[in-house]
Amino acid sequence: MKFSKEHEWVKLEGDTAIIGITDYAAHQLGDIVFVELPNKGSKLEVNKVFGTIESVKTVSDVFAPMTGEVIEVNDELDANPALVNEDPTGNGWIVKIKVSNPNEYDQLLDEAAYKAICE
Amino acid sequence: MTEPLLFELDTKGRRGYALPKLDVPTVDPADHIPTKFLRKQLDMPSLSELETVRHFTRLSRMNHSVDIGFYPLGSCTMKYNPKVNENIARLPGFANIHPYQNADSVQGALKLLKTTEQYLAELTGMDAITLQPAAGAQGEMTGLLIIKAYHNKKGNNKKKILIPDSGHGTNPASCTMVGYEVVNIKSDDRGCIDIADLKANIAPDVAGLMITNPNTLGLFDENIGELATLVHSVDGLLYYDGANFNAIMGWTRPGDMGFDVVHLNLHKTFSTPHGGGGPGSGPVGVKAHLKEFLPTPRIVEKNNTYSFEDQNNDTIGAVLGSFGNFSVIVKALAYIMYSGKEGLKDASAYAVLNANYMMKKLKDTYYVPYDRFCKHEFVISGKTLAKQGVKTLDVAKRLLDFGYHSPTIYFPLIVEEAMMFEPTETESKDTLDSFIEVMEKIAKEAVENPDLLKNAPISTPVRRLDEATAARKPDINFYQKP
């Protein structure tokens with residue numbers, strides 16, 4: 001698993017990237033009440049906004065850590081957005097994309113480097 | 001909710017009143033109106049007058065307003081609106097005129113508008129005022145369009161507006177609306193603008209700095225003179241968000257602090273109804289060098305005769321029809337005139353005194369992140385309740401059970417679990433003391449019975465609502481029920 005400076009995580013399985021927000025981000029946002037998901041088939045562009053997360057405190061943009069086409073979205077978040085708080089790096093995943101440029105994965109932060117920017 | 005909809009109270013054939021017997025020939029609408037415009041069925045509920053009156057009266061009793069109880073919503077100035085304002089605005093000479101009447105038949109109304117402009121100019125230290133904008137957000141947009149027109153005319157290549165991280169949420173939204181990029185400026189550890197961060201972001205493409213003073217932490221930025229100099233050094237303009245003007249009336253003026261553009265909220269500071277009781281009014285004031293960009297028409301006075309002037313090539317144009325929300329302006333002028341200079345000064349002084357009294361008392365039970373003399377509002381943090389799993393939202397909801405409106409919560413964003421209180425000058429010490437007592441009781445409940453808070457409110461007509469779904473997927477049409 002790798003991380004972006006904008007607090008997203010990426011798990012790369014073959015050419016599929018699973019994307020969510022980090023534990024740190026979920027904690028900072030507080031109780032999440034709404035996750036606006038992209039449509040299946042839409043294109044994500046690295047470092048561009050692809051969705052929003054609304055918590056009781058604030059509304060926050062979610063940035064794409066990699067470029068690619070959305071092949072699956074976590075529909076469960078519609079009914080239960082709190083999944084992102086409960087299990088941000090597991091059941092609280094947001095989208096799966098088919099990556100167009102696997103090299104982008106190498107540009108992302110490893111866990112130690114990400115932890116360092118959160119402190 | 002316990003109250004049914006009018007449509008659910010519908011009894012076919014019931015009427016509010018009976019029409020007198022028809023004394024003209026009957027015609028069939030189909031003979032006179034094309035059938036495509038005729039509806040076969042009009043879905044209107046049928047009720048008697050008494051049923052209708054009771055329905056709306058019951059609904060009104062479920063509402064909270066400043067006439068029912070304390071309303072300490074921060075940065076909103078929910079002060080009491082004296083009823084004499086309403087009486088004056090309803091005088092036939094004000095209430096029964098029409099915006100399209102000829103100027104010579106509404107000389108009094110025009111004089112009233114001009115007088116209000118002059119008083120607001122004096123209070124803000126600005127050279128000219130427009131009364132057109134309908135509320136604060138439109139005032140912001142008007143002010144920013146004026147800033148943009150100024151830079152465009154000078155050929156300045158400007159792209160950014162600087163906004164402190166404590167700024168009101170509408171500020172970045174308004175900047176984005178007029179096409180500026182927003183740059184966040186950090187606050188320092190005293191809660192004011194971090195001068196070093198401002199210096200780092202001052203650049204030739206900065207169109208202006210948009211701030212509230214006192215800011216949303218209720219703190220007055222004493223560095224305002226230096227901030228103004230910095231912004232002006234790149235020909236940027238300084239914008240004053242007047243949401244917190246209630247703290248400084250008659251004591252200091254944005255114009256004297258170096259601001260170029262100001263907006264006021266008459267529905268906050270000048271005791272006209274706020275929120276659903278509006279409409280609002282968001283006049284904008286400018287210094288002389290921006291006067292040419294103000295919305296038109298302008299009211300001009302020559303030999304005691306008032307008229308409209310529309311000829312101005314540099315204006316940003318009209319932002320609202322009919323010269324603003326006239327009856328709101330009447331109420332605000334009434335308030336200014338019967339308060340007088342000393343009265344307005346006193347209002348601000350008491351607003352500041354009440355806020356400091358409340359903050360000092362609440363400090364014993366809650367964490368105060370910026371523990372220093374505040375102006376008309378202050379911010380506390382609910383983070384000390386986290387041990388019991390209680391959040392600021394729970395405290396806010398529990399307050400409803402005691403008949404109070406909640407404070408502004410989770411704002412400003414720079415304070416964790418923020419609660420922002422603005423008591424205003426119109427509350428007595430007794431009210432403040434009762435409220436403080438309830439806040440202390442809630443802090444105690446958070447420790448002894450946290451579930452009570454997590455399930456609050458329990459005594460309101462509806463319990464805790466799913467606000468996010470209500471906003472995102474509103475179900476407001478009776479006929480679309482599944």
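In this predicted model, the centres of domain 2 and domain 3 of chain B, taken over C-alpha atoms, are separated by 29 Å. The domain assignment of chain B places domain 2 at residues 83-338 and domain 3 at 341-470. It also gives a domain 1, spanning 1-62. Domains 2 and 3 of chain B touch: 19 residues of domain 2 are in contact with 20 residues of domain 3. On the domain 2 side of this contact, nine residues are nonpolar, eight are polar and two are charged.

In soluble globular proteins, nonpolar side chains tend to be buried together. The largest nonpolar core here has 109 residues. Within this core, Ile146(B), Tyr239(B), Val261(B) and Val379(B) touch the most other members. Helix H11 of chain B, residues 326-362, gives the most to the core, with 16 residues. Domain 2 and domain 3 of chain B each supply at least three residues.

Residues up to four places away in sequence are not counted.

Six residues of chain A are in contact with five residues of chain B. On the chain A side, three of the residues are nonpolar, one is polar and two are charged.

Technical notes:
Residues numbered from 1 in each chain as written. Chains lettered and ligands numbered in written order. Predicted model: local features only at pLDDT ≥ 70, side-chain atom pairs only at ≥ 80, totals over all residues. Contact = placed C-beta atoms within 7 Å. Nonpolar A, V, L, I, M, F, W, Y, C, P; charged D, E, K, R; others polar. Core = buried A, V, L, I, M, F, W, Y, C linked by C-beta atoms within 7 Å. Buried ≥ 20, exposed ≤ 12 C-beta atoms within 10 Å, placed from the backbone. Helix = DSSP H or I, 4+ residues; strand = E, 2+ residues; numbered from the N terminus. Domains from an automatic or database assignment.
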